[in-house]
Amino acid sequence: MASNPIVNIFKIKELRNRIFFTFIILAVFRLGGVLTIPGIDASVLLQYFDNLASQNKNQFASYMDFFVGGAFSHFSIFMLGVMPYISTQIILQLALIIFPSLKRIAQDDGGQRKVAAWTRIGTVGVCLIQSFAVTVYADSIPGAWTGSIQMKLLAMLTVTTGTMITIWLGDQITAHGIGNGISMLLFAGIVARLPSAVLDLADKVSNNEINVVFVIVVLIMFVGIIGLVIFEERGERKISVNYAKRVVGRKMYGGNSNQYIPFKINPSNVIPVIFASSFLTFPLQIISSIGSNQNSARWVGKLSAFLNPAGWWYNILMVILIVFFAYFYTQVTLNPIEIAKNIRENGGSIPTVRADKTGEYLQRVLNRLVLPGSLFLAAIAVLPTVIQNLFGFPQSISMLMGGTSLIIMVGVDLDTMSQVEAILRMHRQDGLTKKGKIRSRNL
């Protein structure tokens, strides 16, 4: 009789401790999401954002809350979440490509530790800029706080410290918990918004503000898209590799024709979506904060409207950035030239492909995989705008029923399941699936 995999999870001490540790860190993260920064009147904030929500004018706040589980509208110490850290990673990765000297430093012994240190230092700078924009935004809310220079400096210090603590919490999950820490914090922020979104949807249906037929259609779309996202995340192209026989001492190695290189249809998983969202969040926050001032220039208002998360231009930029970051991240993590070099050095070859053309062949295969994969990610990411415009759903609901949230939730869930699966198999326990592994689809 097969054992229950859920029971097996809690039988293994290592896995049980990792899961409990992850839940404790996520609880601390959620607690920090409701602790308001010093000087802010929480009741005034609540009334202000409720008025914006009733007028459907809280697009910017809803967009920011989407990544931090409502911490932004609470003006909490974790209101920026991990987005400044991700923005700094993007800037640094681009710098490593543009400046060869930096790339050589990163490839030296201890180079990755230097890059990690640069990322932390850069994150502090980005946090200070974004936290200053937060103080400007707070000034536009009547009665929210005094807005003195001392309070602004204290708020900037508090928000920056909160972001660095958030990053540290993510590192602790990666080291001692389950899943990638930064992705898990994004996942927790999105899931925390689900109950309120469901209640808002139920209220609007009961008040006949949204047709129940539209809700059923969107829910069916939601389930279908989850299936497509899972199929896309598991899909891969297997490149067969033959290795020549080698004699080392008295043993013979190689000669196996069953080996292959798996190239996923979406090698970068949810990274392009996270990078694109973070890349747009930084200017959006600055512009929205400046635009909240009644004396701001006319062009600021136009630019703020142009970058409205519910607008079409914003989503066009999102599509372009997702495709760009999909290619960018794939080239950084999967270098076809390096893969081809390793194959040749180990006496391997790809059937029907000349040895000197292996790199070009692998590059061509990757390009053919990344393009449809990135376009699929982009199509899912702009889904909330389509739902909002076609069915009249509020932004807070449409963003949580599809798009970036759906991709992040499914991607993080699959990655976490794979880690749990690996630990179960390592302890000779039945996995979460009948085959003992999360199956991939060969394309």
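Is I24 buried or exposed? At 53% relative accessibility, I24 counts as exposed. Here exposed means over 50% relative accessible area, buried means under 20%, and partly exposed lies in between (1.4 Å probe, protein chains only). The model is predicted, so local features need pLDDT of at least 70 and side-chain atom pairs count only at pLDDT 80 or more, while totals for chains, interfaces and linings use all residues. Residues are numbered from 1 along each chain as its sequence is written, and side-chain values use heavy atoms, with hydrogens and water left out.

The protein contains 18 helices and six strands. These elements are DSSP runs, numbered from the N terminus: helices are H or I with at least four residues, strands are E with at least two. Of the 443 residues in the protein, 45% are buried. Contact means heavy atoms within 4.5 Å. Among contacts between residues at least 6 apart in sequence, 75% join residues at least 24 apart. I24 sits in helix 2 (residues 13-32). In space, the C-alpha atoms of I24 and G177 are 9.7 Å apart, against 153 residues in sequence.

Attention turns to the interior. A nonpolar core is a set of buried Ala, Val, Leu, Ile, Met, Phe, Trp, Tyr and Cys residues joined through side-chain atoms within 4.5 Å. The largest such core has 67 residues. Within this core, F75, I86, L186 and I322 touch the most other members. Helix 18 (residues 404-426) supplies the largest share of the core, seven residues. Beyond its neighbours within four places in sequence, I86 is in contact with I182, L186, I274, F275 and S278. Another core lies apart from the largest one. This other core has 15 residues, among them I265, V353, L366 and L369.

F75 and S76 can be taken together. F75 lies in the loop between helix 4 and helix 5, and S76 is placed in the loop between helix 4 (59-68) and helix 5. F75 is buried, at 0% relative accessibility. S76 is likewise buried, with a relative accessible area of 0%. Not counting residues up to four places away in sequence, S76 touches G32, G33, V34, L35, T36, I37 and A71. The backbone of F75 has a phi near 50°, a positive value in a residue other than glycine. Most residues other than glycine have a negative phi. T352 also has a positive phi, near 70°, and is not glycine. T352 lies in the loop between strand 5 (348-349) and helix 15 (358-381). T352 is exposed, with a relative accessible area of 88%.

Five salt bridges are present in the structure. A salt bridge is a side-chain nitrogen of Lys or Arg within 4 Å of a carboxyl oxygen of Asp or Glu. One of them pairs D171 with R120, with the closest N and O atoms 2.3 Å apart. This pair links distant parts of the chain, 51 residues apart: D171 is in helix 8 (residues 149-176) and R120 in helix 7 (residues 111-139). D171 is partly exposed, at 27% relative accessibility. R120 is partly exposed, with a relative accessible area of 27%. A second example joins K152 and D139 at 3.0 Å, N to O. K152 lies in helix 8 and D139 in helix 7, so this bridge ties together parts that are 13 residues apart in sequence. K152 is partly exposed at 23% relative accessibility, and D139 is partly exposed at 38%. The side chains of D356 and R354 also meet in a salt bridge, at 2.7 Å, N to O. Both D356 and R354 are exposed.

Pockets were traced on a 1 Å grid over the protein atoms alone. A pocket is an open set of points where a 1.4 Å probe fits, with protein on both sides within 12 Å along at least five of seven lines; lining residues have an atom within 4 Å of a point. Grid points are joined across faces, edges and corners, and a volume is the space filled by probe spheres set on the points. The largest pocket has a volume of about 1,400 Å³. Its lining comprises 49 residues, of which Q89, Q93, I271, Y329 and T333 lie nearest the centre. Helix 5 (residues 83-98) gives the largest share of this lining, seven residues. The lining divides into 22 nonpolar, 19 polar and eight charged residues. Ala, Val, Leu, Ile, Met, Phe, Trp, Tyr, Cys and Pro count as nonpolar, Asp, Glu, Lys and Arg as charged, and the others, Gly among them, as polar.
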